[in-house]
Amino acid sequence: MTKDANPARAADDDGGGEDGRGTPVGRRVVLGMLAAGAAGVAAAPALQRAWDNTLGAAAQKDPTGLTGLLPAGGGFRYYSVTSSTPPKDERTYRLTIDGLVRHHAAYRLADLRALPQTRLVRDVQCVTGWRVPGTPFEGVRLATLLDAAGVRPEARAVRFTCFDGAYSESLTLEQARRADVLVALRMQDKPLSHAHGGPVRLYVAPMYFYKSAKWLSGITLTERVEPGYWEDRGYDVDAWVGRSNGRDDAPTT
Ligand SMILES: Nc1nc2c(c(=O)[nH]1)N[C@H]1C(S)=C(S)[C@@H](COP(=O)(O)O)O[C@H]1N2
Ligand SMILES: [Mo]
């Protein structure tokens, strides 16, 4: 595939221009929405649904994906490969750890908040070119959760799944253990909004932002790397900023 089909856009799971074998993906959901919207919706489920509907509707009206060129809050664009994602909250959110670990676990938000928190401030770089300087992310080091789970010796990689039901990501175990890889609960010194993948997203500071899976719900230890959503569509699995995807951006770490 060409780099023209890229994570600035979103693929349509139900067939709109995407055959999964390398043709450019449908641009259903690339969104720059009003900067004011994101903060407010985090608190109100009804508004959150309205927000989702707006996202889906806007994307469907704009199959060109040009909405992706509009700035969202603070230079971010909001991306989702699904047309909507039902929100999860304190009561309904779970993060499971399974696969090649000694102890399977299911964390609630309160459990994650009770663990030591790490705050990092780095630039965010999307593989399509946009960059947001100095963005605080805060949460639990992925390594902390891996240690608690007891990774089995045959495990070599980690697969991440999301409650949008579509997105996935992966890291080698070595990458996953880095101190700048977080299970993030906060972004820009606020709880992660639904639009930015809250209540919990992955944050992989040294890699292109597509590695930072939104709406994180599953961590599975595997024997080998299983390429994620965008990697199945041509993007590099080892997505170091400035050293992958044929790009030469300044590193983020
Ligand atoms: N679940 C999920 N995570 C995702 C994506 C997505 O579409 N779905 N897009 C990725 C891409 S390409 C980018 S650039 C960032 C965008 O994050 P933002 O929407 O918070 O700006 O999320 C990444 N994680
Ligand atoms: Mo991206």
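Trp-215 is found in the loop between S11 and S12 of this predicted model, and its phi is positive, at about 55°, although the residue is not a glycine. Trp-215 counts as buried because 27 other C-beta atoms lie within 10 Å, where the cut-off for a buried residue is 20 or more. Among contacts between residues at least 6 apart in sequence, 67% join residues at least 24 apart.

**Backbone geometry in the loops**

- Gln-188, whose place is in the loop between S9 and S10, also has a positive phi, near 55°, in a residue other than glycine.
- Gln-188 counts as partly exposed because it has 19 C-beta neighbours inside 10 Å, whereas Trp-215, with 27 other C-beta atoms within 10 Å, is buried.
- The peptide bond that leads from Gly-198 to Pro-199 is cis, with omega near 15°, and Pro-199 itself lies in the loop between strand S10 (190-191) and strand S11 (201-204).

**The open five-stranded sheet**

- Five strands form an open sheet in the order S4-S3-S12-S7-S8, and the pairing within this sheet is mixed.
- The edges of the sheet are strand S4 (105-107) and strand S8 (168-172), each of which pairs on one side only.
- On average, neighbouring strands of this sheet are turned by 20° against each other, when direction is ignored.
- Within the sheet order, S3 stands next to S12; strand S3 (residues 95-99) and strand S12 (residues 216-222) run parallel and are joined by four bridges.
- Asp-98 has Thr-220 in S12 as its bridge partner.

**The antiparallel pairings of S6**

- Strand S5 (residues 118-125) pairs with strand S6 (residues 131-141) in the antiparallel sense, over seven bridges, and Leu-120 stands opposite Phe-137 in S6.
- S5 and S6 form a hairpin with five residues between them, and in the turn Gly-129 has a positive phi of about 125°.
- S6 is also joined by five bridges to strand S9 (residues 181-187), and these two strands run antiparallel.

**Val-101 and its surroundings**

- The place of Val-101 is in the loop between S3 and S4, two strands that belong to the open sheet described above.
- With 19 C-beta neighbours inside 10 Å, Val-101 counts as partly exposed, because a residue counts as buried with 20 or more.
- When residues up to four places away in sequence are not counted, Val-101 touches Ala-149, Gly-150, Val-151, Arg-152 and Leu-221.
- Val-101 and Ala-148 are 47 residues apart in sequence, and in space the distance from C-alpha to C-alpha is 9.3 Å.

How values were computed:
Residues numbered from 1 in each chain as written. Chains lettered and ligands numbered in written order. Predicted model: local features only at pLDDT ≥ 70, side-chain atom pairs only at ≥ 80, totals over all residues. Pairing = 2+ DSSP bridges. Axes fitted to C-alpha atoms, helices over the stretch in contact; angles between N-to-C directions. Buried ≥ 20, exposed ≤ 12 C-beta atoms within 10 Å, placed from the backbone. Contact = placed C-beta atoms within 7 Å.
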